[in-house]
Amino acid sequence: MTKRHGYALLSALAALVVILSAVIYVTTTRGEDTTRGTVADSGPHHGSTVAPASTGTWVGAWSAAPAGAEPGTETLGMAGRSVRNVVHVGTGGTSARITLSNLYGQTPLTITHASLAVSAGQNTAAARAETMRRLSFNGAASVVVPAGEQITSDAVRVNIPHDTDVLVTTYSPTPSGPVTYHPRARQLSYIATGDRTEDATGTPYTAQTPFWRYLTALDVISHEADGTAVVFGDSITDGLTSTIGANRRWPDVLSQRLRAAVESGDDLPRYTVVNEGISGNQVLADGLGRPADNPSGIGRFGRDALGHPNTKVVIIDLGINDILRNPRLADPNKIADGLRTLVRQAHARGLKVVGATLMPFQGHLGWTPSREVVRQQVNAQIRAGKVFDAVVDFDAALRDPYAPHHLRPEYDSGDHLHPSDLGFHKMAAVFDLRTLRGAGQAEL
């Protein structure tokens, strides 16, 4: 080989390296503080085409805490069925990824087919066909999620508008149980027999379900937001008594309000709002089982509150169940100290914490004068600035001025504990959006 031919060969090899480098893409995992991402577009039929780079900020677009093991699924799980979860995102994006959980499974969960698509409308199993994307996991179409673990998908290019429903579908061919689920979804999702994962018509999805199964997060690369605000709480945050399929939980309304304020030019942070409420949740006590159904706020805070991409602020509305569900009279100082433990964990990440006072519940079956005293003592510490960086006074906003131990009638769902749709709207309306500014490093 002549020297000239050798140089030509080296030049050709160098050019090949440049071309290969241009098509290598980087995927990110949930929870990293990665602000820029470049992702592949798998296309409607799982093609291998590499899309142009999609840059933006990873933020949480939707979430639901894994709350327990679904009764009746201990042996078969959802074997042989397609699970189509319907979720609502307040913020749009140009790329997306999901997190699936087998936290409560006792055996490995095998997912052989998963997809994501923009819904064709509200409260439907039908998808916009052009948005259907097959999901992969570390480059493979199938994934096995070990018992007690979770997995985040690779990112796919897809345009998701803000304020829209997204369909996330999984298919598992083999028994695996019990199913990790979120029971109080306040949203209908769908089930089909067989692998109908990429069916856009929705026709095979003849069964409805009030649960979210396996899916715990949807993240997007967004140009509309710079960070994530996490709302952490119990059934009031979970939206237990809100209208099904209407997205009227108070974090939903807060998300809409913040977006509208930013679009109108207010000097406020551009944050998404995600919901990490679990009905019945307590600050201090776990539920039954191993792992515990309905784990304590302290036990789940690191995963559910701090595990989102680019979390900037945590909003906490928690503690009423520590009063209601304690067979003895709860200690208000222990509840407040538990809340401070959450704040310290958030401060260790440089995050600000906004906390809420506990709302009245006289008229509820669990109310007693002694429990009312405990609620007032916890609220006194919160209002005094001894727990959180900033406070939203839901108690003052929703109590009946003529019977302050009761919810105001129009804000009461009827059980004298949980708000109505109007009550949830009031909670979001009185939240001072300016408290979302800044990072919390206070020493309490």
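**Pockets, cores and strands**

Mentor: Happy to. The largest pocket is lined by 28 residues, and H88, V89, G90, D252 and V273 are the ones that lie nearest its centre. A pocket here is, on a 1 Å grid over the protein atoms alone, an open set of points where a 1.4 Å probe fits, with protein on both sides within 12 Å along at least five of seven lines; lining residues have an atom within 4 Å of a point. Keep in mind that this is a predicted model: local features need pLDDT of at least 70, side-chain atom pairs count only at pLDDT 80 or more, and totals for chains, interfaces and linings use all residues. Residues are numbered from 1 along each chain as its sequence is written, and side-chain values use heavy atoms, with hydrogens and water left out.

Trainee: What volume does the largest pocket have?

Mentor: About 340 Å³, where a volume is the space filled by probe spheres set on the points, and grid points are joined across faces, edges and corners.

Trainee: And which element gives the largest share of its lining?

Mentor: Helix 3, with seven residues. Strand 1 (57–63), strand 3 (81–89), helix 3 (250–263) and strand 18 (271–277) each supply at least two residues. Helices (H or I, at least four residues) and strands (E, at least two) are DSSP runs, numbered from the N terminus.

Trainee: How does that lining split by class?

Mentor: Eleven residues are nonpolar, eleven polar and six charged. Ala, Val, Leu, Ile, Met, Phe, Trp, Tyr, Cys and Pro count as nonpolar, Asp, Glu, Lys and Arg as charged, and the others, Gly among them, as polar.

Trainee: What about the second largest pocket, which residues lie nearest its centre?

Mentor: Those are R184, S279, G280, N294 and R325, out of 22 lining residues. The volume of the second largest pocket is about 280 Å³. Helix 5 gives the most to this lining, with three residues, and the classes come out as nine nonpolar, nine polar and four charged.

Trainee: Changing topic: how much of the chain is buried?

Mentor: 55% of the 444 residues count as buried, meaning under 20% relative accessible area, with exposed over 50% and partly exposed in between (1.4 Å probe, protein chains only).

Trainee: Which residues touch the most other members in the largest nonpolar core?

Mentor: W62, I98, L100, L116, I160, V166 and L218, in a core of 36 residues. A nonpolar core is a set of buried Ala, Val, Leu, Ile, Met, Phe, Trp, Tyr and Cys residues joined through side-chain atoms within 4.5 Å. Another core lies apart from it, with 31 residues, among them L318, I335, A336 and L351.

Trainee: Let's stay with L116. What stands opposite it in strand 11?

Mentor: V168 does. Strand 6 (residues 113–118) and strand 11 (residues 164–172) are paired antiparallel over six bridges; two strands pair if DSSP finds at least two bridges between them. Leaving aside neighbours within four places in sequence, L116 is in contact (heavy atoms within 4.5 Å) with residues including A96, I98, I160, V168 and L218.

Trainee: In what order do the strands of that open sheet run?

Mentor: The order is 7-6-11-3-13-14, with antiparallel pairing. Strand 7 (133–134) and strand 14 (207–209) are the edge strands, each pairing on one side only.

Trainee: Which residues of strand 10 are on its covered face?

Mentor: V156, V158 and I160 are, while R157 and N159 make up the uncovered face. In a regular strand the side chains alternate between the two faces of the sheet. Strand 10 also runs antiparallel to strand 4 (residues 93–101), joined by three bridges, and R157 is the bridge partner of S95.

Trainee: And strand 20, how many of its residues are buried?

Mentor: Five of the five in strand 20 (residues 352–356). K352, V354 and A356 point one way, V353 and G355 the other.

Trainee: Which strands does strand 20 pair with in the parallel sense?

Mentor: Strand 19 (residues 311–317) joins strand 20 through four bridges, with V314 opposite V353. Strand 21 (residues 390–392) pairs with strand 20 over three bridges, and there A356 has V392 as its bridge partner.

Trainee: Why does A390 count as buried?

Mentor: Because its relative accessible area is 13%. A390 lies in strand 21 and touches K352, V353, V354, G355 and T435, not counting residues up to four places away in sequence.
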